[in-house]
Amino acid sequence: MLGKLLGIIGRASRALTFFAITAGGSAVIAVHTASAALPPGNTVAQWNQIAENTVVGSGAFQNEGLIYMGYVSAAVYNATVAVGGDYVPYHGGVHAPRGSSIDAAVIEAAYDTLVNYFPSQTTTLYAAYTEALGLVPDGIAKRNGQAVGLAAATMLIQDRNGDGRMTPIGVTSPVATLTPGPGVWRRTPAAYAAPQTPWVGDVKPFILGSASQFLPGPPPSLSGDKWLHAFNDIQAYGSASSVVRSGEQTAIAEFWTANVIRQYNRLVRDLAATRNLGVVRTARLAAMVNVIGADAQISVMHAKYHYLFWRPVTAIDPTSVAPAGDEFGPVPGFDDGNAATLELMGWRPLVATPNHPEYPAAHGSLTSAMAEVLEDFLDTDRVGVDVHGFDAAGPAGNLDAVRHFDTTSDLRRQIVDARFWAGLHYRFSTEAGVVMGRKIAEYDLRHAFGEIDR
């Protein structure tokens with residue numbers, strides 16, 4: 001078996017060699033190479049950054065991107081613990097000969113997984129792969145480490161085959177519509193884009209038994225006081241032209257518009273560096289963040305398209321629907337039927353509304369799951385972490401702003417506030433997401449990534 005794996009490695013390392021036919025008819029071997037500069041940090045941190053750049057650079061939506069990050073992180077984790085021990089592997093794991101190079105295992109697992117899912121990035125990835133392997137001393141330990149990494153990648157790819165992932169990146173899929181009417185989700189301005197990746201809610205979770213395992217109860221009735229207060233509050237505080245939202249509240253709302261894949265994987269690498277985690281513990285934290293994060297997003301997308309509840313912009317401004325209508329209703333839209341609410345034509349949120357339904361809030365689910373991961377990993381709710389986010393004064397996509405969170409409660413509380421002040425979610429939606437994300441993380445942590453009893 002080892003010889004077979006090493007043979008595959010040899011073929012993979014020659015994947016960028018191709019034959020060209022000259023004008024005279026002779027064959028010429030050409031090799032495509034690219035320069036690479038490895039990111040800082042230990043080997044896991046380096047390939048976490050490479051994976052992040054590959055996934056985000058592909059244009060993946062954040063919910064589907066976390067699935068790809070879960071693939072890579074799980075393979076790297078299994079390769080790492082096979083060599084380094086200490087923790088229970090994901091889905092059975094792979095065997096490592098004694099003395100295998102842990103760095104070679106990490107490099108091979110990450111590279112082989114990434115090129116499988118992102119073959120168009122092979123040239124760029126191969127440059128990093130050859131540079132990274134060049135830093136590992138040649139010999140049997142290196143070759144065995146590569147075999148371990150390839151085995152881990154192969155096992156992950158086979159395990160996830162047919163899991164419901166759809167391609168190409170960003171593709172939509174059919175949605176089971178509800179009867180049009182008050183409370184039902186509509187496409188939102190300005191783009192009125194098609195429903196974002198509904199298929200994510202049907203992907204097989206990594207650890208959960210099913211995507212509906214922690215489905216929250218339904219959103220509140222449009223005739224009740226809870227709806228009335230939620231409607232009035234977000235109309236006032238979430239408006240692009242709000243006169244009651246403070247400058248600090250606006251900054252917090254904008255901070256949390258950063259790409260969550262970059263936010264939380266940056267946190268993994270920061271903790272690896274500042275707390276000297278080492279290769280094995282860094283691999284474990286990265287896997288916990290991305291695998292559990294993927295389960296949280298699979299579950300929340302399932303719930304969103306199950307309830308198909310309308311966004312604030314649709315509820316507050318019934319004229320905000322697509323000019324020609326959509327599959328969820330006519331033009332103009334519906335009001336909520338509650339005489340105590342006052343619709344406001346032209347109302348728009350501070351932050352443009354993403355093209356998926358309202359309830360529960362995806363960021364609430366994810367950030368709450370990440371809070372649980374941090375608490376479990378650091379063995380305290382007083383996590384004391386710095387999170388990077390978007391600074392509205394900087395360029396698009398930046399992570400220049402930094403906010404400190406003493407406790408996991410602080411993190412959860414702020415994400416509820418942030419999505420409310422952004423005009424994206426009623427408080428009850430993010431609160432439901434927070435509860436859901438915590439339950440998902442608690443379940444996943446009970447069933448994966450545990451310490452090996454000695």
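Helices (H or I, at least four residues) and strands (E, at least two) are taken as DSSP runs and numbered from the N terminus. The structure is a predicted model, in which local features need pLDDT of at least 70, side-chain atom pairs count only at pLDDT 80 or more, and totals for chains, interfaces and linings use all residues. Residues are numbered from 1 along each chain as its sequence is written, and side-chain values use heavy atoms, with hydrogens and water left out.

The secondary structure of the protein amounts to 14 helices and 4 strands. The radius of gyration is 24 Å, close to the 22 Å given by the globule rule for 454 residues, so the protein is as compact as a globular protein of that length. The radius of gyration is taken over C-alpha atoms, and the globule rule is 2.2 Å times the number of residues to the power 0.38. The C-alpha trace spans about 75 × 60 × 40 Å along its principal axes. With contact defined as heavy atoms within 4.5 Å, residues 24 or more positions apart provide 80% of the contacts that have a separation of 6 or more.

Of the 454 residues, 56% count as buried, where buried means under 20% relative accessible area, exposed means over 50%, and partly exposed lies in between (1.4 Å probe, protein chains only). The accessible surface comes to about 18200 Å², and 53% of this area belongs to carbon and sulfur atoms. Accessible areas come from the Shrake-Rupley method with a 1.4 Å probe; for residues, only the protein chains shown count as cover.

Grid points are joined across faces, edges and corners, and a volume is the space filled by probe spheres set on the points. A search of the whole structure finds 1 cavity of 30 Å³ or more. The volume of the largest cavity is about 80 Å³. Its lining consists of Val-44, Trp-47, Asn-48, Ala-51, Met-69, Val-72, Ser-73, Val-76, Tyr-77, Val-106, Ala-283 and Ala-286. Two or more lining residues come from each of α2 (43-57), α3 (62-84) and α10 (278-307), and α3 gives the most, with 5 residues. By class, this lining has 10 nonpolar, 2 polar and no charged residues; Ala, Val, Leu, Ile, Met, Phe, Trp, Tyr, Cys and Pro count as nonpolar, Asp, Glu, Lys and Arg as charged, and the others, Gly among them, as polar.

The largest pocket contains about 590 Å³ of space. Its lining comprises 31 residues, of which Gln-62, Thr-257, Ala-258, Pro-354 and Arg-419 lie nearest the centre of the pocket. At least two lining residues are supplied by each of α3, α9 (260-274), α10 and α12 (362-378). The lining of the largest pocket has 14 nonpolar, 13 polar and 4 charged residues.

Backbone geometry was examined next. Most residues other than glycine have a negative phi, and most peptide bonds are trans. Leu-308, although not a glycine, has a positive phi of about 45°; this residue is placed in the loop between α10 and α11 and, at 0% relative accessibility, counts as buried. Asp-379, also not a glycine, has a positive phi of about 60°. Asp-379 is found in the loop between α12 and β3 (385-389) and is exposed, with a relative accessible area of 68%.

The peptide bond from Thr-167 to Pro-168 is cis, with omega near 0°. Pro-168 belongs to the loop between α6 (140-160) and α7 (225-237) and is exposed, at a relative accessible area of 56%. A distance of 39 Å separates the C-alpha atoms of Pro-168 and Gly-384, which are 216 residues apart along the chain. The peptide bond from Val-331 to Pro-332 is likewise cis, with omega near -5°, and Pro-332 lies in the loop between α11 (312-316) and α12.

Within helix α8 (residues 247-255) lies Thr-250, which counts as buried at 17% relative accessibility. Leaving aside neighbours within four places in sequence, Thr-250 is in contact with Arg-245 and Leu-350.

Conventions: On a 1 Å grid over the protein atoms alone, a cavity is a set of points where a 1.4 Å probe fits but cannot get out, and a pocket is an open set with protein on both sides within 12 Å along at least five of seven lines; lining residues have an atom within 4 Å of a point.
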